[in-house]
Amino acid sequence: MSHASSQPLSPDRLHRVVVIVDANSNPFELGCATEVFGLRRPELGRELYDFRLCSAEPDTLMRDGFFTLSGVAGLEATEGADTVIVPNRPDVEVPRRPAVLDAVRRAHARGARLVGFCSGAFTLAEAGVLDGRRATAHWQWADSFRERFPAVGLEEDVLFVDDGDILTAAGSAAALDLGLHIVRRDHGAEIANAVSRRLVFAAHRDGGQRQFVERPVPDIPDESLAPVLAWAQERLDEPLTVAVLASRATVSPATLHRRFRAQLGTTPLAWLTGERVALACRLIERGEARLDAVARSSGLGTAAHLRALMRRETGLAPSEYRRRFGPGSGPGSRGSSDLA
């Protein structure tokens, strides 16, 4: 996933996230956005975002008439937003309000980050900001999306797509994955882990994982990967291999691959690499300035390997990551120059 356009947050104020709510919007994704970006974080000792809702109408009827949302700002609230989360709703064939599409276009033109959850990709595509860009949407609407918006590079079998200043999530639960990914991109792995713990949600599922699994509910006997994952997470600095993980799970490597694909939508090696990079990020955030030590402690081996994987996974070199998220990071802070 591309992170190259990620920019440091403004030193003058909190990063402002504005959610546009439109007629028949889905309450679940609205709740996800509120949980990730809108709640106070007293356990962190600081707030992460300035969060607001807005709508084109004073009263907005939510999906299937579940309830009416009122008392939120008008669309003018998007004018000062750093991130705009666009409306998503199940009636994907019904055109979005022109006023909403205009607000999305203006936000994009002035450099705001745009986010679409589930069918939110349709809103972004209708606004014309996805042409020539990568995006994802719920698999149920993939054919319809591709037919209507052939200029968009749809990636239908992933959880989310980070295309720099435009990010899209595939479905309802993937909204939480993308939300935590954005927190990680803005505030680092340690803060994202704290938010995920409060949500009691997986701290990191890579966007490239599949939208759905082959067997959501395990058969009896329990074939959950949880025990071997927990075991491996305590030993990331050791020379773990797929064969070692398979032995721990008392299955063959081929069976382990099948279970990872079915339950996590990824491979054992990709999962292990992601966990090690996440650990490396946390070590840097906690103040470890020796790159060789970070590489050893995270199981990534060499400093060169760590540099390459951090650039691939976060879009940042270790030195820049420390300036952004390490001890003393913040307005006017340059952090340590030891990492490179």
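A salt bridge is counted here when a side-chain nitrogen of Lys or Arg lies within 4 Å of a carboxyl oxygen of Asp or Glu. By that criterion the structure holds 25 salt bridges. The model is predicted: local features need pLDDT of at least 70, side-chain atom pairs count only at pLDDT 80 or more, and totals for chains, interfaces and linings use all residues. Residues are numbered from 1 along each chain as its sequence is written, and side-chain values use heavy atoms, with hydrogens and water left out.

The protein chain contains 13 helices and 10 strands; these are DSSP runs numbered from the N terminus, helices being H or I with at least four residues and strands E with at least two. Of its 340 residues, 51% are buried, where buried means under 20% relative accessible area, exposed over 50%, and partly exposed in between (1.4 Å probe, protein chains only).

Six strands form an open sheet with mixed pairing, in the order 2-1-5-6-10-9; two strands pair if DSSP finds at least two bridges between them. At the edges are strand 2 (49–55) and strand 9 (160–162), each pairing on one side only. Inside the sheet, strand 1 (residues 15–21) and strand 5 (residues 83–85) run parallel and are joined by three bridges. Val 18 stands opposite Val 84 in strand 5.

Helix 5 (residues 172–187) has 16 residues and spans 23 Å from its first C-alpha to its last, close to the 22 Å expected at 1.5 Å a residue; the expected value is 1.5 Å times one less than the number of residues. Gly 188 follows helix 5 and has a positive phi, near 95°.

Arg 89 pairs with Asp 22, with the closest N and O atoms 3.4 Å apart. This pair links distant parts of the chain, 67 residues apart: Arg 89 is in the loop between strand 5 and helix 2 (98–109), and Asp 22 is in the loop between strand 1 and helix 1. Both Arg 89 and Asp 22 are buried.

A further salt bridge joins Asp 163 and Arg 134 at 3.3 Å, N to O. Asp 163 is in the loop between strand 9 and strand 10 (166–169), while Arg 134 is in strand 7 (residues 134–135), 29 residues apart. Asp 163 is buried, with a relative accessible area of 15%, whereas Arg 134 is partly exposed at 25%.

Glu 288 and Arg 290 form another salt bridge, their closest N and O atoms being 2.8 Å apart. Here Glu 288 is partly exposed, with a relative accessible area of 21%, and Arg 290 is exposed, at 53%.
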